[in-house]
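Hi everyone, thanks for making time. I'd like to walk you through one model this morning, with the cut-offs spelled out along the way. Here it is on the screen.

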Amino acid sequence: MKDSAQKWEELIEELLVLATASRPSELEFVGFTQKLGALNLVQPFNWRAWGEPFPEPEQAQLLDLETAVKHITRICRADRFMEGTLWATVCSGLLLGLCLVVREHTRGEIVRNVFENTN
């Protein structure tokens, strides 16, 4: 079983590779989103009702844990309805920035459930 540090390293490495690659296949995206899930980066909350605009990639480092997890969750969920959302945030560096700030906030651990009752 992989420890959390290894899971983070694999996720960050894959984000860096994906950002410079041609558009990955659906299967590659599924594997990638499973890595996000293994770190509990996609959590249930009413992302459709959340009106916060996406930050610029360089603003991601300023976010608190809950806000960063909300953005990651919304990116992953929205991609089902607006194809290309996930890919665009990978290419822009936003998803990498969000993941890095979450890793910093959690000290490299798997993310706890940050909002149990948020709507």
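Let me begin with cysteine 99, which is buried at a relative accessible area of 0%. By buried I mean under 20% relative accessible area, with exposed being over 50% and partly exposed in between, using a 1.4 Å probe and protein chains only. Before going on, the ground rules: this is a predicted model, where local features need pLDDT of at least 70 and side-chain atom pairs count only at pLDDT 80 or more, while totals for chains, interfaces and linings use all residues. Residues are numbered from 1 along each chain as its sequence is written, and side-chain values use heavy atoms, with hydrogens and water left out.

So what does cysteine 99 touch, not counting residues up to four places away in sequence? The list is Trp8, Leu11, Ile12, Leu15, Leu36, Leu41 and Ile72, where contact means heavy atoms within 4.5 Å. Cysteine 99 also belongs to the largest nonpolar core, a set of 36 residues in which Leu41, Cys99 and Val102 touch the most other members. A nonpolar core here is a set of buried Ala, Val, Leu, Ile, Met, Phe, Trp, Tyr and Cys residues joined through side-chain atoms within 4.5 Å. At least two residues of this core come from each of helix 1 (4-20), helix 2 (26-38), helix 3 (65-78), helix 4 (85-92) and helix 5 (94-106). The helices are DSSP runs of H or I, at least four residues long, and strands would be E runs of at least two, numbered from the N terminus. As general background, nonpolar side chains tend to be buried together in soluble globular proteins.

Now, how many disulfides does the structure hold? The count is 0, with a disulfide defined as a pair of cysteine sulfur atoms within 2.5 Å. For cysteine 76, the nearest cysteine sulfur is that of cysteine 99, 8.1 Å away. Cysteine 76 is buried too, at a relative accessible area of 12%.

Next, helix 3 and histidine 71, which lies in that helix. Is histidine 71 buried or exposed? It is buried, with a relative accessible area of 1%. Beyond four places in sequence, histidine 71 touches Trp50, Glu52, Pro53, Phe54, Pro55, Leu63 and Leu98.

On to helix 4. Its buried residues are Thr85, Leu86, Trp87, Thr89 and Val90, and what covers them includes helix 1, helix 2, helix 3 and helix 5. Take threonine 89 from that helix: its relative accessible area is 7%, which makes it buried. Leaving aside neighbours within four places in sequence, threonine 89 is in contact with Ile75, Leu94 and Leu95. Just after helix 4, glycine 93 takes a positive phi of about 90 degrees.

While we're on backbone angles, here is the background: most residues other than glycine have a negative phi. Another is arginine 107, with a phi near 55 degrees, in the segment after helix 5. Arginine 107 counts as exposed, at 75% relative accessibility.

Alanine 38 has its place in helix 2 and counts as partly exposed, at 35% relative accessibility. Not counting residues up to four places away in sequence, alanine 38 touches Lys7 and Ile110.

How much space lies in the largest pocket? About 340 Å³. On a 1 Å grid over the protein atoms alone, a pocket is an open set of points where a 1.4 Å probe fits, with protein on both sides within 12 Å along at least five of seven lines, and lining residues have an atom within 4 Å of a point. Points are joined across faces, edges and corners, and the volume is the space filled by probe spheres set on them.

The lining has 14 residues, and Glu26, Thr33, Asp79, Arg80 and Leu86 lie nearest the pocket's centre. Helix 2 and helix 3 are the elements that give two or more residues to the lining, and helix 2 provides the largest share, 4 residues. By class, the lining has 6 nonpolar, 2 polar and 6 charged residues. Here Ala, Val, Leu, Ile, Met, Phe, Trp, Tyr, Cys and Pro count as nonpolar, Asp, Glu, Lys and Arg as charged, and the others, Gly among them, as polar.
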